[in-house]
Amino acid sequence: MKTRITQLLGIQYPIIQGGMAWVAEYHLASAVSLAGGLGIIGAGGAPADFVHEQIRRMKEAGDKPFGVNIMLMNPEAEAIARLVVTEGVKVVTTGAGNPAKYMSMWKEAGVKVIPVVASVAMAKMMERAGADAVVAEGTESGGHIGFATTMTLVPQVVDAVKIPVIAAGGIGDGRGLAAAMMLGAEAVQIGTRFVVAKESIVHENYKKKIIGAKDIDSEVTGMSHGHPVRQLRNSMTREYLKLEKAGASFEELEHLTLGALKKAVVEGDVVNGTLMAGQIAGLIQKEQTCREMIEEMMDQAKEAGKQFPLQ
């Protein structure tokens, strides 16, 4: 399946792995890249030294294309932005901010820049700034989210910009991939399903919670202070929402979640940890290798195309 995205990034399949903090490290990213997709190292809030080591390990794992996701609120975002240039990383995705101030540096170095956007206005702004593509991420996604759904956001972004659009949010199988293509996307970004990949370092407790989740088991916290996060419901989310409803301050709520994602990913604390996952979790039934996931998705997408051929 060739699209402008597969050609731009030099990948076999139009499938990109989300840059999930604590989850998207070189074990997962290299497995996705070696299977024909684009693996992404998630910098999250990590220091530049950690990201440097991850890039080094990624290069050792193979010579397939890969990228780095930079959370622009990271205190070391500038150091990481420069690191990707010195290390010859060819693709950068960004979130939690505007990457415009790094754009000329990246473009001069031949880096393909793909910001994650949650609105048409942001997509147009990123195109004007020189982005090579955008990820239009719907509110169905896990982690930090916007407000528009994938079904409504993607076609509006496609109509608003000339650069390729990657769909994200609520996509976990080949039917979702086919649907995204019908909306005008030229690739998909997938997070939650890759969390349960056999190559993922995520604790088995976390994986089991995703595999056992139903369609209604995710919750959105942080709406009151403008930083909504989708995650699976547990004791921590119940306490958070209780405090939020009572009018707790941003600082008080932040204290409750301090280190909670690491607790879930590394320690397997599914009671008090932050179990970031999208609404698609209810569709995910088993652990598989990244190659199995990608090949299954491609087969399903082709089958969906046969069932609903364009006349």
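A crossing of two helices is left-handed if the near helix is turned anticlockwise from the far one by less than a right angle, and right-handed if clockwise. By that rule, H2 and H3 cross in a right-handed way. The model here is predicted, so local features need pLDDT of at least 70, side-chain atom pairs count only at pLDDT 80 or more, and totals for chains, interfaces and linings use all residues. Residues are numbered from 1 along each chain as its sequence is written, and side-chain values use heavy atoms, with hydrogens and water left out.

**Helix packing**

- Two packed helices are described by the angle between their axes and the distance between the axes. Axes are lines fitted to C-alpha atoms, for helices over the stretch in contact, with angles from 0 to 180 degrees between N-to-C directions.
- Helices and strands here are DSSP runs (H or I, at least four residues, for helices; E, at least two, for strands), numbered from the N terminus.
- Helix H2 (residues 26–34) packs on helix H3 (residues 48–61) at an angle of about 35 degrees, and their axes are 9 Å apart.
- Tyr26, Ala29, Ser30, Ser33 and Leu34 of H2 make the contact with Gln54, Arg57, Met58 and Ala61 of H3, where contact means heavy atoms within 4.5 Å.
- Sorted by class, this contact of H2 with H3 has five nonpolar, three polar and one charged residues. Here Ala, Val, Leu, Ile, Met, Phe, Trp, Tyr, Cys and Pro count as nonpolar, Asp, Glu, Lys and Arg as charged, and the others, Gly among them, as polar.
- For helix H4 (residues 77–86) and H5, the angle is about 15 degrees and the axes are 10 Å apart. H4 and H5 are therefore roughly parallel to each other (angles under 35 degrees; over 145 is roughly antiparallel, 65 to 115 roughly perpendicular and the rest oblique).
- H4 also passes H5 in a right-handed crossing. Ala77, Glu78, Ala81, Arg82, Val84 and Val85 of H4 meet Lys101, Tyr102, Met105 and Trp106 of H5 in the contact.
- The contact of H4 with H5 has seven nonpolar, no polar and three charged residues.

**The aromatic pair**

- One aromatic pair turns up in a search of the whole structure. Tyrosine 102 and tryptophan 106 form this tilted pair, 5.5 Å centre to centre with 45 degrees between the planes.
- The pairing rule takes rings of Phe, Tyr and Trp (its six-membered ring) with centres within 6.5 Å; planes under 30 degrees apart count as stacked, over 60 as edge-to-face and the rest as tilted.
- Because tyrosine 102 and tryptophan 106 are four residues apart in helix H5 (residues 100–108), about one helical turn separates them.
- Tyrosine 102 is buried at 7% relative accessibility, and tryptophan 106 is buried at 0%. Buried means under 20% relative accessible area, exposed over 50%, and partly exposed in between (1.4 Å probe, protein chains only).

**Two buried threonines**

- Threonine 237 sits in helix H11 (residues 235–245) and is buried, with a relative accessible area of 0%.
- Threonine 237 lies 16 residues from threonine 221 in sequence and 7.0 Å from it in space, C-alpha to C-alpha.
- Threonine 274 belongs to the loop between helix H13 (260–267) and helix H14 (290–307), and is buried at 5% relative accessibility.

**Positive phi**

- Most residues other than glycine have a negative phi.
- Tryptophan 22 has a positive phi, near 70 degrees, and is partly exposed at 44% relative accessible area.
- Alanine 96 has a positive phi near 55 degrees, and is partly exposed at 41%.
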